[in-house]
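The sequence and the structure are shown first, and the description follows.

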Amino acid sequence: MIIDHRTYSFRPGTVKIWLEKYESDGLPIQRKYLGEFVGIFTTEVGNLHEVVFMWAYKSLADRERRRTDMEADPEWKTFIQEIWDLDAIVGQEIKMLRPASYSPLR
C-alpha cells in the first residue's frame with residue numbers, strides 16, 4: 001500500500017470556495033477512479049490556508065493506472081479547468097508514503 005499525500009496552499013479567503021467546489025464536483029469524479037479515499041483535512045493550527053488530502057493505493061502502478069483513467073475523463077478535465085479559473089491554489093506538495101510494517105493502515 002502507498003498513500004498519496006497532497007498538501008495544497010491557497011490564497012487567503014479561497015479555501016471555503018475550493019472545498020465546496022471539490023466536494024460537489026471533484027470528489028465524486030475521483031471516487032469513480034481512484035483508490036481508497038483516506039480523508040481531506042483543513043489546517044486548524046499552523047500554516048493556515050492549506051488543505052491536505054490522502055488516497056490509498058495498492059502500489060505506484062495502481063495509482064498511475066487509476067490517475068491516467070481519471071485524467072482522460074471529460075468531466076475531470078472540465079473540473080480541473082474550473083479549479084484553475086478560481087485562481088485559488090498557490091502551491092502544491094505531493095508525497096508518496098509507504099506505511100511501516102506496524103502501521104494500522106497496512
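The sections below treat confidence, the nonpolar core, selected residues, salt bridges and backbone geometry in turn.

## Confidence of the model

The structure is a predicted model. The chain has a mean pLDDT of 95, and 100% of its residues reach 70 or more. Among the elements of the chain, the lowest mean pLDDT belongs to strand β2 (residues 36–42), at 95, and the highest to α2, at 97.

## The nonpolar core

The largest nonpolar core contains 19 residues, and those that touch the most other members are Phe10, Trp18, Tyr22, Phe53 and Trp55. At least two residues of this core come from each of β1 (2–10), α1 (15–33), β3 (50–57) and α3 (74–86). The greatest contribution is that of α1, which gives five residues. In soluble globular proteins, nonpolar side chains tend to be buried together.

With residues up to four places away in sequence left out, tryptophan 18 touches Phe10, Ile40, Val51, Phe53, Ile83, Leu86 and Ile89.

Glutamine 30 is found in helix α1 and counts as buried, because its relative accessibility of 3% is under the 20% limit. Apart from neighbours within four places in sequence, glutamine 30 is in contact with Tyr22, Phe53, Trp55, Arg67, Met70 and Trp76. Of these partners, Tyr22, Phe53 and Trp55 are also among the core residues that touch the most other members.

Valine 38 is found in strand β2 and is partly exposed, with a relative accessible area of 30%. Its contacts, not counting residues up to four places away in sequence, are Ile3, Met54, Trp55 and Ala56. Valine 38 and isoleucine 3 are separated by 35 residues in sequence, while their C-alpha atoms are 8.5 Å apart in space.

On the surface, Leu60, Ile94 and Met96 form a nonpolar patch, and together they have about 250 Å² of accessible area. Leucine 60 has its place in helix α2 (residues 60–71). Its relative accessibility is 46%, so leucine 60 counts as partly exposed.

## Salt bridges

The whole structure has 13 salt bridges.

| Arginine 63 | Aspartate 4 | 2.9 Å |

Arginine 63 forms a salt bridge with aspartate 4. This pair links distant parts of the chain, since arginine 63 lies in helix α2 and aspartate 4 in strand β1, 59 residues apart. Arginine 63 is buried at 17% relative accessibility, and aspartate 4 is buried with a relative accessible area of 0%.

Aspartate 73 counts as buried, at 7% relative accessibility.

Arginine 65 and aspartate 69 both lie in helix α2, where they are four residues apart, about one turn of the helix. Arginine 65 is partly exposed, with a relative accessible area of 45%, and aspartate 69 is partly exposed at 37%. Salt bridges that share partners join Asp62, Arg65, Arg66 and Asp69 into one network.

## Backbone geometry

Which values of phi are positive in residues other than glycine? Histidine 49 has a phi near 65 degrees, and aspartate 87 has one of about 55 degrees. Most residues other than glycine have a negative phi.

Histidine 49 has its place in the loop between β2 and β3, and aspartate 87 lies in the loop between α3 and β4 (89–97). Histidine 49 is partly exposed, with a relative accessible area of 34%. Aspartate 87 is likewise partly exposed, with a relative accessible area of 44%.

Notes: Residues are numbered from 1 along each chain as its sequence is written. This is a predicted model: local features need pLDDT of at least 70, side-chain atom pairs count only at pLDDT 80 or more; totals for chains, interfaces and linings use all residues. Side-chain values use heavy atoms; hydrogens and water are left out. A nonpolar core is a set of buried Ala, Val, Leu, Ile, Met, Phe, Trp, Tyr and Cys residues joined through side-chain atoms within 4.5 Å. Buried means under 20% relative accessible area, exposed over 50%, partly exposed in between (1.4 Å probe, protein chains only). Contact means heavy atoms within 4.5 Å. Patches are made of residues with over 30% relative accessible area and no salt bridge: like charges are joined within 9 Å, nonpolar side chains (Val, Leu, Ile, Met, Phe, Trp, Tyr) within 5 Å. Accessible areas come from the Shrake-Rupley method with a 1.4 Å probe; for residues, only the protein chains shown count as cover. A salt bridge is a side-chain nitrogen of Lys or Arg within 4 Å of a carboxyl oxygen of Asp or Glu. pLDDT is the predictor's confidence in each residue, from 0 to 100.
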